Amino acid sequence: KEETRIKIYKRDASDDKKLGGAVFKIYDVDKGTYIMQDVMTLDENGNEAESREEKRFITDKDGLIIADGLSYGTYRIEEVEAPEGYVLDSEPQTIKAVKGSGAGIDSDGIPYFEVNFRDSKTETWLKKTDITTGEELAGGEYTVEDRDGNTIDHWMGDGTTHKIYGLIPGETYTFIEETAPDGYTIAVPVGFTVNEDGTVTEVVM
């Protein structure tokens, strides 16, 4: 049978950086099934058993997946896991792999089709405000820690919103005031969870 391949490229939406570690599945529309793979597992008696599961395609350090050995037809490419610190591109892309209409032919003579996915980093806004006026305050020293107490960011307050890019969607962090602006007492730490839908996570202390 005639073969083709699909190349899936994964990049940062803002700076086009190539992104490894993104996980995709490929749905064969004509067959009505995901591309499967055989996996060896152990049954309860410790014997090897073969089962089939939906194949997970993972981008390499160059942000590339090459799905080989495909027949011509229609395929739906779905991102199922984003690289760390990025928001999942939940919009599948469909490729109609029709003979003679590919993006090019590889050196081994096999024609290929291309699809590009772009992910955006998460964006988190941290504000220190006066409880009465709601105005942002200058001064003070602030830290964001992850759930294990590791410092993710540290800054001095300058009266503007502090922005952090690339926190992990769905993860919980803590916004801590190390020293307060003059005339204020240190505030209670604020826990927050990063939005998973790509919207800005706003945290006010």
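Visitor: What makes the charged end of Arg 76 count as sitting over the ring of Tyr 27?

Guide: In this predicted model, the charged end of Arg 76 lies 4.3 Å from the centre of the Tyr 27 ring. The cut-off for the distance is within 6 Å, and the charge must also be within 35 degrees of the ring normal.

Visitor: Which ring does the charged end of Lys 25 sit over?

Guide: The ring of Tyr 34, with the charged end of Lys 25 at 5.9 Å from the ring centre. The limit is within 6 Å, so this contact counts as well.

Visitor: Why is the pair of Tyr 27 and Tyr 34 called edge-to-face?

Guide: The structure holds seven aromatic pairs. In the pair of Tyr 27 and Tyr 34, the planes stand at 75° and the centres are 4.9 Å apart. Centres within 6.5 Å make a pair, and planes over 60 degrees apart make it edge-to-face, so both parts of the name follow. Both Tyr 27 and Tyr 34 are buried.

Visitor: What makes the pair of Tyr 173 and Phe 192 stacked?

Guide: The angle between the planes of Tyr 173 and Phe 192 is 25°, with 5.9 Å from centre to centre. Stacked requires planes under 30 degrees apart and centres within 6.5 Å, so the pair qualifies.

Visitor: Where do Tyr 173 and Phe 192 lie in the chain?

Guide: Tyr 173 is in strand E17 (residues 172-179) and Phe 192 is in strand E18 (residues 190-193). They are 19 residues apart, and the pair links distant parts of the chain.

Visitor: How do you know whether Tyr 173 and Phe 192 are buried or exposed?

Guide: Tyr 173 has a relative accessible area of 4%, and Phe 192 has one of 7%. Buried means under 20%, so Tyr 173 is buried, and so is Phe 192.

Visitor: Which residues form one aromatic cluster?

Guide: Tyr 142, Trp 155 and Phe 175 do.

Visitor: Why is Ile 164 called buried?

Guide: Ile 164 lies in strand E16. Its relative accessible area is 6%, and buried means under 20%, so Ile 164 is buried. Ile 164 and Trp 125 are 39 residues apart in sequence and 6.7 Å apart in space, taken from C-alpha to C-alpha.

Visitor: Why is Tyr 72 called partly exposed?

Guide: Tyr 72 has a relative accessible area of 24%. Partly exposed covers the range between the 20% limit for buried and the 50% limit for exposed, so Tyr 72 belongs there. Tyr 72 is placed in the loop between E7 and strand E8 (73-81). From C-alpha to C-alpha, Tyr 72 is 8.9 Å from Arg 5, and the two are 67 residues apart in sequence.

Visitor: What makes the phi of Asp 16 worth a remark?

Guide: Most residues other than glycine have a negative phi. Asp 16 is not a glycine, yet its phi is positive, at about 70°. Asp 16 is found in the loop between strand E1 (4-12) and E2. At 36% relative accessibility, between 20% and 50%, Asp 16 counts as partly exposed.

Visitor: Which elements give two or more residues to the lining of the largest pocket?

Guide: The largest pocket has a volume of about 210 Å³. Of its 16 lining residues, those closest to its centre are Asp 28, Lys 31, Ile 35, Gly 69 and Leu 70. The elements are strand E3 (33-34) and strand E7 (64-70), and E7 gives the most, with four residues. The lining divides into seven nonpolar, three polar and six charged residues.

Visitor: How do you know where confidence in the chain is lowest and where it is highest?

Guide: By the mean pLDDT: strand E4 (residues 36-42) is lowest at 86, and strand E2 (residues 23-28) is highest at 98. The chain averages 94, and 100% of the residues score at least 70.

Technical notes
Residues are numbered from 1 along each chain as its sequence is written. This is a predicted model: local features need pLDDT of at least 70, side-chain atom pairs count only at pLDDT 80 or more; totals for chains, interfaces and linings use all residues. Side-chain values use heavy atoms; hydrogens and water are left out. Rings of Phe, Tyr and Trp (its six-membered ring) pair if their centres lie within 6.5 Å; planes under 30 degrees apart count as stacked, over 60 as edge-to-face and the rest as tilted. Buried means under 20% relative accessible area, exposed over 50%, partly exposed in between (1.4 Å probe, protein chains only). On a 1 Å grid over the protein atoms alone, a cavity is a set of points where a 1.4 Å probe fits but cannot get out, and a pocket is an open set with protein on both sides within 12 Å along at least five of seven lines; lining residues have an atom within 4 Å of a point. Grid points are joined across faces, edges and corners, and a volume is the space filled by probe spheres set on the points. Ala, Val, Leu, Ile, Met, Phe, Trp, Tyr, Cys and Pro count as nonpolar, Asp, Glu, Lys and Arg as charged, and the others, Gly among them, as polar. pLDDT is the predictor's confidence in each residue, from 0 to 100.
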